[in-house]
Amino acid sequence: MVPTDVHWNISDTGWAKAAYSNLFGPWIQGACVFVHLSAAFNAAQILETAAKYPITTFCAPPTAYRMMIQEDVGKYDLTSIRHAVGAGEPTNPEVIAAWLKGTGQHMKEGYGQSETTLLIGMFKCLQYRPGSMGKAAPGVNVTVVADDRETVLPPGEEGNIGVALNPPGTVGLFKGYMNDPERTKKVFSSSYYLTGDRAYRDEDGYFYFVGRDDDVIKSSGYRIGPFEVESALLEHPAVVESAAVAAKDAIRGQVVKAFIVLSEAFKNRDHEELKKELQDHVKAVTAPYKYPRLIEFVDSLPKTVSGKIRRVELRNK
């Protein structure tokens with residue numbers, strides 16, 4: 001961001017990103033902040049507004065991008081946008097590809113928390129790698145830690161995203177949860193702050209998101225990340241949105257259940273036939289053991305005020 005930018009971040013004030021992206025970032029850089037009041041999210045309206053005004057930098061949660069690519073993005077003149085970012089939850093590769101096709105530019109990802117500010121990002125200086133969150137932010141000592149909460153894992157192995165405490169110095173890392181020492185103790189080991197998210201790194205230091213630790217599905221000895229299942233489902237033209245969660249199973253312990261929002265063109269299809277087609281699709285593009293054994297079609301998915309899918313609500317359901 002530079003002083004000549006017009007920055008638009010779609011974020012409710014209930015999300016820490018509103019402070020980072022609507023106030024502190026533009027303020028530090030002397031950039032212009034664009035604000036648009038709307039009673040509810042409307043993908044077409046967002047695209048029309050971005051085309052009407054000289055927006056140069058744009059940030060939105062992946063949910064918003066998923067809705068926008070359902071529109072004919074190519075018919076909107078978005079050439080003034082030079083940098084687009086997704087934040088708040090991981091972005092499916094299919095969404096990034098559709099955005100690239102419609103706008104001619106890659107949508108970059110950033111990863112952080114209210115507890116940490118930005119930890120990882122696909123920065124301008126990096127070679128773009130589809131599916132990756134990018135590399136550690138400058139001044140941040142972040143790595144992948146084993147379940148013992150202390151051992152750093154080698155490239156390719158999945159573990160906890162951890163921020164090193166020794167030596168100290170990660171700017172923006174919180175000290176603890178107010179009036180909640182038990183919760184604070186749970187996320188801090190002697191050497192790391194554990195974010196509660198799981199990921200792995202490649203040989204070059206690029207991070208790849210797997211899922212929230214609570215969201216990982218443990219089925220017949222396998223650990224299945226919901227994000228991979230959801231991304232596979234999103235490749236099918238019938239699927240607008242999906243959420244994969246663990247469902248209890250007497251034999252396997254847990255199985256994958258997918259809640260799916262259908263596109264208009266598929267809403268009248270035979271549901272049992274469509275379920276089989278979607279299951280076969282996931283088997284083909286991921287691995288046979290990852291397919292959703294249970295599928296429920298829904299009109300919408302429950303979300304937080306910041307647009308993140310509330311998988312805990314779906315699990316309880």
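Predicted model: local features only at pLDDT ≥ 70, side-chain atom pairs only at ≥ 80, totals over all residues.
View 1. A disulfide would need two cysteine sulfur atoms within 2.5 Å. For Cys32, the closest cysteine sulfur belongs to Cys59 and lies 16 Å away, so the two are too far apart for a bond. Cys125 is also in no disulfide, and its nearest cysteine sulfur, again that of Cys59, is 18 Å away. Cys32 is partly exposed, because its relative accessibility is 41%. Cys125 has a relative accessible area of 71% and counts as exposed.

View 2. Seven strands form an open sheet with mixed pairing, in the order 2-1-3-4-5-6-7. Strand 2 and strand 7 (135-136) are the edge strands. Each of these two has a single partner strand, so one of its sides is without a neighbour in the sheet. Strands of a sheet pair through backbone hydrogen bonds, and the pairing can be parallel or antiparallel.

**View 3. Side chains of strand 1.** Strand 1 covers residues 6-9. Val6 and Trp8 point one way from this strand, while His7 and Asn9 point the other way. Which of these residues are buried? Val6, His7, Trp8 and Asn9 all are. In a regular strand, side chains alternate between the two faces of the sheet.

**View 4. Strand 1 with strand 2.** Strand 2 (residues 32-34) pairs with strand 1 in the parallel sense, over 3 bridges. Within this pair, His7 has Val33 of strand 2 as its bridge partner.

**View 5. Strand 1 with strand 3.** Strand 3 (residues 57-60) runs parallel to strand 1, and 3 bridges join them. Opposite Trp8 stands Phe58 of strand 3. Trp8 is one of the buried residues of strand 1.

**View 6. Strand 4 with strand 5.** Strand 4 spans residues 83-86 and strand 5 spans residues 107-113. The two pair in the parallel sense over 3 bridges. Glu109 in strand 5 is the bridge partner of Gly86.

**View 7. Burial of helix 6.** Helix 6 (residues 226-234) is mostly covered, with 8 of its 9 residues buried. The buried residues are Pro226, Phe227, Val229, Glu230, Ser231, Ala232, Leu233 and Leu234. An α-helix has 3.6 residues a turn, so residues three or four places apart point the same way.

Key
Residues numbered from 1 in each chain as written. Heavy atoms only, no water. Buried < 20%, exposed > 50% of the residue type's maximum accessible area, 1.4 Å probe, protein only. Helix = DSSP H or I, 4+ residues; strand = E, 2+ residues; numbered from the N terminus. Pairing = 2+ DSSP bridges.
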